[in-house]
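Hi,

Here is the model I promised to send over. Have a look at it first, and then read on for what turned up.

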Amino acid sequence: MTDSYASKCWKVIPGLLLMFFIAALSMGTKDLGLPQWIGLEGILKENSDFLGKVLKINYVILVIIIGMIIRNTIGIPSWALDGVKTSRLFIKMGVILLGTLYSLAELATLGATSVVLILAFVFGTIIFTMWFGKRLSMPTSSAACLAAGVGVCGVSAIVAVAPAVRGKGEDIAYSIATILSFGLVCMFTFPFLGHLMGLSSEQFGAWAGTGILNSGQVLAAALAFDPGTVDNPSVSLKVGEVFNLTRVVFLPLVVMVIALLYTRMCNESENQESAATTGSFMSKFPLFVLGFLATVMLTSFGAFGPTEPASDELKMFRLLYGWFFAIGLTGLGLQISFAEMKKAGGKPLIVGSAAGLLKAVGSLIVVLLLID
Amino acid sequence: MQKGKAVPDNEKGKLSLFTNERHEDMAAIIGAAFFMLLIIIVV
């Protein structure tokens with residue numbers, strides 16, 4: 001038995017090296033002590049403000065795209081197959097380390113209005129997306145990934161939630177494509193509508209920070225509405241970023257809530273006749289989410305040193321999770337087949353756009369009522 | 001109903017090293033803890 005396990009471990013190495021190579025190609029090798037290669041992400045940022053800074057096409061999206069291209073053209077080489085199959089282990093380790101980014105102390109510093117508004121919209125959108133997805137017979141894992149993307153803040157939320165809901169590569173790819181394309185429409189229409197309705201800079205910032213899905217797009221829309229000057233910086237940008245950051249800070253809570261909702265929905269659909277017991281609930285609950293929450297708590301209580309400015313340990317943890325995500329997402333990209341995506345049809349786009357539109361209109365109404 | 005139950009590629013493959021999802025979760029927790037300890041010791 002030990003021998004067969006050892007040989008399994010050996011078989012994993014070639015695929016791991018392939019994923020690592022693609023990750024390094026996209027991220028660059030600066031972290032590895034070779035600053036000469038700035039990576040495809042670096043090249044993109046240097047040459048295109050729109051792709052690099054506004055759309056934030058970073059290594060996360062690049063490794064998935066490269067993986068998808070390989071899978072759907074030449075296919076996964078047979079020698080790499082076993083290694084590619086370990087991709088989710090890396091994503092899970094990355095999510096656990098991602099916990100070092102959050103501190104409970106940060107929550108205390110946020111304004112009450114932004115916290116209440118964001119909480120209501122984040123969780124309202126998540127519940128609506130999962131409910132509407134179920135109505136349209138979307139797989140629960142697919143609806144949960146989309147809910148994270150529409151509810152919180154795009155790509156990072158989708159990546160963090162996907163392993164907790166056993167999301168497939170196609171779920172991640174579809175969710176990212178949906179929120180990026182919806183966000184793109186918002187980025188151009190929000191400033192125009194804001195001027196048309198005569199919103200103040202504060203109102204527009206709060207609306208963009210709540211209603212637009214991607215942080216790069218919040219920034220672009222806020223600056224388009226109110227560019228500001230050196231002496232009078234953009235107020236809508238400042239307000240928008242506070243609302244946007246509030247949303248990001250709640251990611252640990254969002255992962256927990258979506259994992260619970262997913263477990264519950266699976267139990268409901270699979271065990272409709274037998275009552276869902278605590279045992280079956282716990283057996284489906286993704287254990288690594290507890291590891292993620294433990295890391296958030298350890299960071300909050302200063303186990304890894306100060307968070308502001310971040311200690312050397314925290315900086316290293318954050319560097320490491322970037323690599324874990326890059327390696328794991330390369331593997332996921334390598335497992336995304338266009339045929340599987342075709343099967344999903346346009347449902348994610350319909351559900352994501354409906355939830356996004358509802359959030360945009362709802363937040364506009366609340367902002368008009370609450371903020372002068 | 002059967003459509004929803006179709007086993008996706010990564011579901012088929014993820015058990016190359018682990019016998020079930022729970023084992024993979026445990027391995028992720030142990031792996032992350034190992035790297036964190038390593039960093040704490042080295043830094």
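Let's start inside chain A, where 18 residues of domain 1 are in contact with 16 residues of domain 2. Keep in mind that this is a predicted model. The domain assignment puts domain 1 of chain A at 2-84 and domain 2 at 96-327 + 337-370. On the domain 1 side of that contact, α1 (2-27), α3 (49-54) and α4 (59-72) of chain A each bring at least two residues. The largest share comes from α4(A), with eight residues. By class, this side of domain 1 of chain A has 12 nonpolar, two polar and four charged residues.

Now for the contact between the chains: chain A puts in 27 residues and chain B 23 residues. On the chain A side, two or more residues come from each of α1, α6 (87-98), α17 (288-300) and α18 (312-334). That side of chain A splits into 13 nonpolar, five polar and nine charged residues.

Most residues other than glycine have a negative phi. A:Ser137, though not a glycine, has a positive phi of about 60°, and A:Arg166, also not a glycine, has a positive one of about 55°. You'll find A:Ser137 in the loop between α8 (112-135) and α9 (140-151) of chain A, while A:Arg166 is in the loop between α10 (155-161) and α11 (169-196) of chain A.

Are they buried or exposed? A:Ser137 has 11 other C-beta atoms within 10 Å, so it counts as exposed. A:Arg166 has 21 within 10 Å, so A:Arg166 counts as buried.

Cheers

Terms used. Residues are numbered from 1 along each chain as its sequence is written. Chains are lettered from A and ligands numbered from 1 in the order in which they are written. This is a predicted model: local features need pLDDT of at least 70, side-chain atom pairs count only at pLDDT 80 or more; totals for chains, interfaces and linings use all residues. Domain bounds come from an automatic or database domain assignment. Two residues are in contact if their C-beta atoms, placed from the backbone, lie within 7 Å. Helices (H or I, at least four residues) and strands (E, at least two) are DSSP runs, numbered from the N terminus. Ala, Val, Leu, Ile, Met, Phe, Trp, Tyr, Cys and Pro count as nonpolar, Asp, Glu, Lys and Arg as charged, and the others, Gly among them, as polar. A residue is buried if 20 or more other C-beta atoms lie within 10 Å of its own, exposed if 12 or fewer, and partly exposed in between; C-beta atoms are placed from the backbone.
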